[in-house]
Structure formats: structure tokens, C-alpha cells
Amino acid sequence: MKISTKGRYGLTIMIALARETDNKPLSLKKIAARHELPEHYLEQLIGPLRNGGLVKSVRGAYGGYQLVKPAEEVTAGEIIRLLEGPLAVVEDSEADDAVKRKLWDKIKEAIDTVLDETTLADLAEEESDGYMFYI
């Protein structure tokens, strides 16, 4: 299993929004500049995040994006699955014997647990401490 740039950059957007403590809208231009990411690519990711009910847009001169829910209520798993789709450790595990399928299932369960127990607030706090939290 590999998280693509969609998932990684999507987490970056969401962490940046979570770190806006005064909950002011944050533009993709600012996020792109701060993290040295292509703004055009972030624009492609914000649509699914908005349609998934995780962010909302604010129009106007000081517009941008805001979280819909508190960062404590959004998990890394929600974000990753929204952008990446269902997670799988291996493709076509049905071709494997029962012993290997059981191992793949345990690995997927462990990954799901980490993603679902890690909130956006946890990630934002980790990053603000000077460390980057990678999943």
C-alpha cells in the first residue's frame, strides 16, 4: 500500500486549515507557498474535500477555505479514504492462500486503526511542535 501525492497533499491542506487557530479562511495560494506545493494541484484536491463535507469555501477578498468540523472530529483515515479510495495492502488477495490473506487482513486492520485513531488535531499539534508526522 502506498499513499499517493493526493493523500499526502490533501493531509497538508487539512493540517494547514487545522492550524488556523482563529478559524479565518486560508487560501490555497498561501498553503501552496508555505509548503512549496503546486497551487494548481491543490485546487484539484480541494473539490473532493469540499464535496466530502470536510471543508467549506468562503468567498471574497479575504476568502479561502475553512474546516467544517473541529479538527478533533476529523481523522486521517477520513481524509485519506476520501482522496485515495478504499485502502488495500495487496491487490487481488483472493489469489493468495488463507495464511497470507490472514496476514494481509491483520496489516490492513493495523493501518486502519492508526489512520482512524489519528485526528487532524493530533497531526496539527505534531507539526506545530516542529516535527512532521508521516503515516
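**Overall layout**

I started by reminding myself that this is a predicted model. I then counted the secondary structure of the protein and got 6 helices and 2 strands. Reading along the sequence, I wrote the pattern down as α-α-α-β-β-α-α-α. For the dimensions, I took the C-alpha trace along its principal axes, and the span came to about 60 × 30 × 25 Å.

**H1 against H3**

Next I looked at how H1 sits on H3. Their axes are 10 Å apart, and the packing angle is about 80°. Angles of 65 to 115 degrees count as roughly perpendicular, so I logged H1 and H3 as roughly perpendicular to each other. From H1, I listed Thr 5, Lys 6, Tyr 9, Gly 10, Ile 13 and Met 14 in this contact. They meet Tyr 41, Leu 42, Leu 45, Ile 46 and Leu 49 of H3. Sorted by class, the residues of the contact of H1 with H3 come out as 8 nonpolar, 2 polar and 1 charged.

**H1 against H4**

I stayed with H1, residues 5-18, and turned to H4, residues 76-84. Here I noted an angle of about 135° with the axes 9 Å apart. That angle makes H1 oblique to H4. The crossing of the two is right-handed. On the H1 side I found Lys 6, Gly 7, Gly 10, Leu 11 and Met 14, and on the H4 side Ala 76, Ile 79, Ile 80, Leu 83 and Glu 84.

**H2 against H3**

Then I checked H2 (residues 28-35) on H3 (residues 39-51). The two axes come within 9 Å and cross at roughly 125°, which makes H2 oblique to H3. I put this down as a right-handed crossing. Leu 28, Lys 29, Ile 31 and Ala 32 are what H2 brings, and they meet Glu 39, Leu 42, Glu 43 and Ile 46 in H3. By class, I have 5 nonpolar, no polar and 3 charged residues in the contact of H2 with H3.

**Second largest pocket**

What lines the second largest pocket? I went through the residues and wrote down Glu 20, Lys 24, Pro 25, Leu 26, Ser 27, Lys 30, Arg 34, Ala 61, Tyr 62 and Gly 63. The lining has 4 nonpolar, 2 polar and 4 charged residues. The space in this pocket is about 180 Å³.

**Val 89**

Last, I picked out Val 89, which is in the loop between H4 and H5 (98-117). Which residues does Val 89 contact, leaving aside its neighbours within four places in sequence? I got Met 1, Trp 104, Ile 107, Lys 108 and Ile 111. I also compared its position with Lys 29, 60 residues apart along the chain, and noted that their C-alpha atoms are separated by 34 Å.

Notes
Residues are numbered from 1 along each chain as its sequence is written. This is a predicted model: local features need pLDDT of at least 70, side-chain atom pairs count only at pLDDT 80 or more; totals for chains, interfaces and linings use all residues. Side-chain values use heavy atoms; hydrogens and water are left out. On a 1 Å grid over the protein atoms alone, a cavity is a set of points where a 1.4 Å probe fits but cannot get out, and a pocket is an open set with protein on both sides within 12 Å along at least five of seven lines; lining residues have an atom within 4 Å of a point. Grid points are joined across faces, edges and corners, and a volume is the space filled by probe spheres set on the points. Ala, Val, Leu, Ile, Met, Phe, Trp, Tyr, Cys and Pro count as nonpolar, Asp, Glu, Lys and Arg as charged, and the others, Gly among them, as polar. Axes are lines fitted to C-alpha atoms, for helices over the stretch in contact, and angles run from 0 to 180 degrees between N-to-C directions. Helices (H or I, at least four residues) and strands (E, at least two) are DSSP runs, numbered from the N terminus. Angles under 35 degrees count as roughly parallel, over 145 as roughly antiparallel, 65 to 115 as roughly perpendicular and the rest as oblique. A crossing is left-handed if the near helix is turned anticlockwise from the far one by less than a right angle, and right-handed if clockwise. Contact means heavy atoms within 4.5 Å.
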